[in-house]
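Please walk me through this structure, strand by strand.

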Amino acid sequence: MSWIAVCDVSQVQEEFPFSAKVDDAEIGIFLVEDQYYALEDVCPHAYALLSQGFVEDGKVECPLHEAVFDIKTGKCLREPGGRDLKTYQTRIHDNRIEISLIEE
């Protein structure tokens with residue numbers, strides 16, 4: 001499996017996710033209960049970065065149309081999300097968050 005360094009762990013806070021462009025994918029890095037999660041950062045309903053949305057209780061709300069997604073699973077919990085989000089494996093290596101672009 002190929003791992004790609006995305007950001008430093010200090011760049012991600014529970015209320016303030018990190019947004020990264022990896023190859024052609026826009027990925028949001030989220031912190032929930034001391035675990036890091038990587039998921040598709042663009043809302044499938046309309047272009048909006050979820051990392052700029054409202055984060056609370058392991059969920060992120062799209063800043064445009066209030067679709068809600070589970071950060072751990074990518075599951076769409078409230079429409080108009082349209083579909084579940086792609087999620088990616090994460091790991092910490094030398095204080096850096098790395099992701100695998102192979103979808104979980």
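Two strands are taken to pair here if DSSP finds at least two bridges between them. The model is predicted, and what follows is computed from it. By that criterion, 4 strands form an open sheet in the order β5-β6-β7-β8, with antiparallel pairing. At the edges stand β5 (54–56) and β8 (76–78); each has a single partner strand, so one side of each is left without a neighbour in the sheet. On average, neighbouring strands of this sheet are turned by 25° against each other, direction ignored.

Within this sheet, β7 and β8 run antiparallel and are joined by 2 bridges. F69 has C76 in β8 as its bridge partner.

Strand β7 (residues 68–70) also contains D70. Which side chain of opposite charge is nearest to D70? It is K59, at 6.3 Å. Leaving aside residues up to four places away in sequence, D70 touches G58, K75 and L77.

Is strand β4 (residues 35–40) largely enclosed or largely open, and why? Of its 6 residues, 5 are buried, so β4 is largely enclosed by the rest of the structure.

β4 pairs with strand β3 (residues 25–32) in the antiparallel sense, over 6 bridges. In this pairing, I29 stands opposite A38 in β4. The hairpin of β3 and β4 has 2 residues between the strands, and in this hairpin E33 takes a positive phi near 50°.

β4 also pairs with strand β9 (residues 87–93), again in the antiparallel sense, over 2 bridges. Here L39 stands opposite T87 in β9.

Finally, the record can be set beside the model. An unreviewed UniProt entry carries the annotation "domain: Rieske" for residues 4–99. Over residues 4–99 the chain is 0% helix and 49% strand.

Terms used:
Residues numbered from 1 in each chain as written. Predicted model: local features only at pLDDT ≥ 70, side-chain atom pairs only at ≥ 80, totals over all residues. Heavy atoms only, no water. Buried < 20%, exposed > 50% of the residue type's maximum accessible area, 1.4 Å probe, protein only. Lys, Arg positive; Asp, Glu negative; His and termini not counted. Salt bridge = Lys/Arg side-chain N within 4 Å of Asp/Glu carboxyl O. Contact = heavy atoms within 4.5 Å. UniProt positions renumbered as here; feature names shortened; annotations may be inferred. Axes fitted to C-alpha atoms, helices over the stretch in contact; angles between N-to-C directions.
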